[in-house]
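Hello,

Here is the structure we spoke about. My notes follow below it.

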Amino acid sequence: MRRLRTALAGATAGVLFAGLAALPAHAGNGGAEPLGTVARTMGHARFEPGPCPRTADPIPELDTARCGTLTVPENRARHDGRKITLGVAIIPAATRRPAPDPIVWLAGGPGDDAVSEIPLAVNGGLNHDRDVIFMSQRGTYSADPELTCPNIDEFNARALGLVFGAPSTGRLHVEATRECREQLIGRGADLSAYNGTESAADYADLRVALGIEQWNVFGISYGTDLALQYMRLHPAGIRSVGIDGVLPPSLAGGAVTWRAAREGFDGMFEACAEQPACNSRYPDLKGTFERLVVELEARPVTTTVTVPGHPEPVEVVLDGGVLVTWLTSASHLAAGVPRSIDDLAHGNPQRIAEQYAGGKLSPQAIGRVAHGLSFGVFCSEWTPYESEEDVIRAGRRAFPSFPRSVLSNAPQLAWLHDDCRAWDVPPAPRSIRDVTRSDIPTLVLSGGFDSQTAPSNGPYAARTLSRSTEVTVPYVAHVVFADSPCAQAITRSFFDTPTAPDTECLACLRPPEFEIAP
């Protein structure tokens with residue numbers, strides 16, 4: 001949830017500004033002017049055309065985008081409070097005669113910038129016949145203010161050489177969180193205003209300020225949590241909703257990540273067991289993995305690896321918590337998972353250590369996540385309604401053999417309750433945990449290998465969405481739109497016919513061919 005593996009162009013950080021493009025009039029505003037080229041104030045929100053948002057990496061699609069900013073109150077409960085601006089980029093439809101109702105993209109995270117996910121959307125053909133709108137959620141990289149905290153990312157990189165689950169590591173982790181909080185407060189941020197409720201209102205304001213009568217919503221990962229809140233709080237003007245990698249607000253927290261890990265891991269282990277070559281070479285992969293978690297937690301292994309872009313060798317400590325965290329993300333590269341686990345079982349931790357370190361040391365891992373928004377969501381909407389014991393109990397149900405030191409740190413959310421005590425923002429109203437009930441046509445997408453948001457979350461969310469189509473794409477990890485041409489085709493057909501998407505491609509899907517070591 002914290003980070004989604006996205007296909008970003010290039011690895012060099014920089015700033016890219018693109019001017020307004022002169023394009024034919026279309027997309028939901030009556031055809032008077034091209035969408036995103038008219039300044040408009042509606043209530044307390046104002047859209048202003050202008051340069052495209054800054055990006056950490058070059059995004060060629062911005063060369064033909066129409067861009068600007070949305071200005072909104074930082075805290076809608078404080079009428080005399082300061083204003084914030086959110087970057088907006090509108091990617092035009094590929095066809096010359098686009099549909100009149102555009103799609104708005106809700107990013108993952110929480111804390112990812114939607115503008116950085118433009119290549120993912122375009123590579124999947126989402127703009128085939130509709131404009132697609134990307135707005136930086138409040139606090140994210142291209143918003144003003146941006147609430148990134150590189151010190152947290154830098155600590156995560158340094159922590160490669162520490163025992164993941166050690167109390168001393170936890171204390172350092174919380175110190176980095178507290179330092180981030182102090183920095184952001186020192187810059188004048190109202191940390192209580194960075195949450196899903198305010199973000200949902202931002203998108204409602206954006207639709208009106210752009211002059212759009214009706215649009216479609218597509219949310220990925222954390223963006224599904226936000227989309228479900230948006231549907232519940234501001235349903236006006238929403239034609240249809242797609243959610244991919246589903247995290248319902250009523251479940252969000254550490255406990256559900258243990259269930260996600262169980263379901264996603266089992267999907268990979270079972271697929272290996274069903275392939276004779278994989279099952280013969282790597283028998284009882286599930287048992288081997290769980291045994292290694294227990295052994296490494298008792299006796300961590302230290303190794304040294306070389307990571308691309310880092311000339312100096314990197315020391316990596318592997319304990320049980322690291323192994324769980326690694327596999328949660330490695331599900332995106334499922335074909336190599338059995339071989340990596342087998343290597344570790346035979347005394348070679350290099351493959352796993354290199355992958356784990358590469359993720360922490362990647363340029364995309366430093367200074368990109370808006371931790372101010374992440375903790376705003378975690379600490380007001382999740383931890384107040386879930387205890388640390390709830391997380392441990394969920395972990396024990398999913399993985400009975402794991403020691404408490406592993407179970408206390410939910411996958412992707414290590415030391416979260418300690419962090420939230422340091423972050424110290426008020427809890428959201430209990431209604432934030434309400435189930436979303438809606439008759440808006442909704443496509444609910446899950447991946448059979450998704451170990452970040454449980455595949456079973458999809459049917460759970462769909463049961464109160466009376467006009468939903470629930471689809472589980474087998475053999476695919478978190479956010480199926482990113483990796484599956486079938487999921488991309490289903491999504492495009494859904495926005496064309498929201499009550500009858502074409503799902504025939506599911507019948508042709510086959511499991512990956514797992515790597516077999518010599």
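**What was found**

W105 counts as buried because its relative accessibility is 0%; buried means under 20% relative accessible area, exposed over 50%, partly exposed in between, with a 1.4 Å probe and protein chains only. F481 is also at 0% and so counts as buried.

This is a predicted model, where local features need pLDDT of at least 70, side-chain atom pairs count only at pLDDT 80 or more, and totals for chains, interfaces and linings use all residues. Residues are numbered from 1 along each chain as its sequence is written, and side-chain values use heavy atoms, with hydrogens and water left out.

Now the rings. Phe, Tyr and Trp (its six-membered ring) pair if the ring centres lie within 6.5 Å; planes under 30 degrees apart are stacked, over 60 edge-to-face, the rest tilted. The count is 17 aromatic pairs. In one of them, W105 and F481 have ring centres 6.2 Å apart and planes at 70°, so the pair is edge-to-face. The pair links distant parts of the chain: W105 sits in strand β5 (residues 103-106) and F481 in helix α17 (residues 480-483), 376 residues apart. One aromatic cluster holds W105, F134, F218, F481, F494 and F495.

Next, the whole protein. It has 18 helices and twelve strands; these are DSSP runs (helices H or I, at least four residues; strands E, at least two), numbered from the N terminus. Buried residues make up 60% of the 518. The C-alpha atoms fill a box of roughly 65 × 55 × 45 Å along the principal axes.

Best wishes
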